[in-house]
Amino acid sequence: MQVDFINPGASNATSETGEFWVMVSEFIKAAAQDLEIDLDIHYAQREYVKMIDLTKKVVQNESKPDYLLLVNEKLIAQRLLKIVSGSDIKVLLILNDLTKQQKQEIMASEKLSRQLIGAIIPDNVSAGYLIAKSLIERGLEKKDTPLQMVAINGSRVTPAAVDREKGLHKALKKHSGSVKLRQLTYGEWREDKGYLKTKVLLKRYPDTDLIWAANDPMALGALRAVREKGKVPGEDIFIGGLNWSAKGLSAVEDNSLVTSVGGHFMVGGWALLMLHDFHKGCLEIKNNDPGIEIDVFRNIDKQRVADYKKYFGDQNWNRIDFQEFSKYLNPDLKEYKFGLESILAHIREGTANTEKGD
């Protein structure tokens, strides 16, 4: 079984967009090794034209993969499916689902729908909600008056960003009497943009209490701007991000960030495992259904960060035995359990067995 992954992100973990896409790749690599899958990863370096070029190279390669993992960044899925159409390569989308219009157009085309297996995605609405909920609860511990919030999303059109924004508004609606959103802006997922946007927002809204950011790099950029303003993060202004990045979790640990919501970098690895089971004939994925949402997002705050860093601070995903999560390899497994709790329980059990000499 051969799989290629067109990673839309940067291969350099120190880029302004952060280490997320490198984490995605490393988790997929660990899964591929356990499941004996031949995996190739190609980075587009945040250049969406390069995603097209890389897909063309995969299709034109003499040794073609059985499957291609793609991400619907900048709503590029149809263009990529057109390139793959006519080949024997099947496509599985991860992390970003198709929009309703994209789904209709692809399903109307036999040529395109024939290539598409489906989509495996995280619940990004819950992610946006969890960031906002953590910020609001922390803010209300300090203030009784209505809290003033500003928000920085990554994109106007990327499905993941759109859904995180929906989650933000869901939380705001639930706490409508306690918090007011002053402005929502967009930082292109970049730390430098998060910094610049926050400088403007703090000048415009000096009474800001909460800063909601759709990823850790933008949250860390906001953190720098807050400090430059002479404010104390975690005391005067509360900031929340998303990614479980090393820098983000360190900021949670020292109370600079309230939370880093995350777990979605694991989606690629879990999707590869589900693709393995699909390939073995024990899992059905229908391309005309909405994307399969998997429950991966969790909130890591100051209370939870130590436990996570104890087991995964070094990002050694080889500690996970991915075979244990496969329905094909474990016929009695009733449902997939991809949440952090299941993974940590699996790791602790393995550690206990090792200590016993099992």
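Biologist: How many bridges join E5 to strand E11?
Modeller: In this predicted model, strand E11 covers residues 292–294 and runs parallel to E5. Within E11, Ile294 stands opposite Pro122. The bridges joining E5 to E11 number 3.

Biologist: Which residue in E5 is the bridge partner of Ile94?
Modeller: Strand E4 (residues 90–94) pairs with E5 in the parallel sense, over 4 bridges. In E5, the bridge partner of Ile94 is Ile120.

Biologist: How many residues of strand E5 are buried?
Modeller: Strand E5 spans residues 116–122 and is mostly covered. A residue is taken as buried when its relative accessible area is under 20%. By that criterion, the buried count in E5 is 7 of 7.

Biologist: What span does helix H2 reach from its first C-alpha to its last?
Modeller: Helix H2 (residues 48–60) has 13 residues. At 1.5 Å a residue, 18 Å is expected, and the model comes close to this value. The span reached is 19 Å.

Biologist: Why do the buried residues of H2 line one face of the helix?
Modeller: The buried residues are Met51, Ile52, Leu54, Thr55, Val58 and Val59. Residues three or four places apart in an α-helix point the same way, because there are 3.6 residues a turn. The buried residues of H2 line one face because, seen down the axis, they fall within an arc of 165 degrees.

Biologist: Which residues are exposed on the other side of H2?
Modeller: The buried residues of H2 are covered by elements including strands E1, E2 and E3 and helix H3. On the other side of H2, the exposed residues are Val49, Lys57 and Gln60.

How values were computed:
Residues numbered from 1 in each chain as written. Predicted model: local features only at pLDDT ≥ 70, side-chain atom pairs only at ≥ 80, totals over all residues. Heavy atoms only, no water. Buried < 20%, exposed > 50% of the residue type's maximum accessible area, 1.4 Å probe, protein only. Helix = DSSP H or I, 4+ residues; strand = E, 2+ residues; numbered from the N terminus. Pairing = 2+ DSSP bridges. Expected span 1.5 Å × (residues − 1). Arc of directions from axis to C-beta. Contact = heavy atoms within 4.5 Å.
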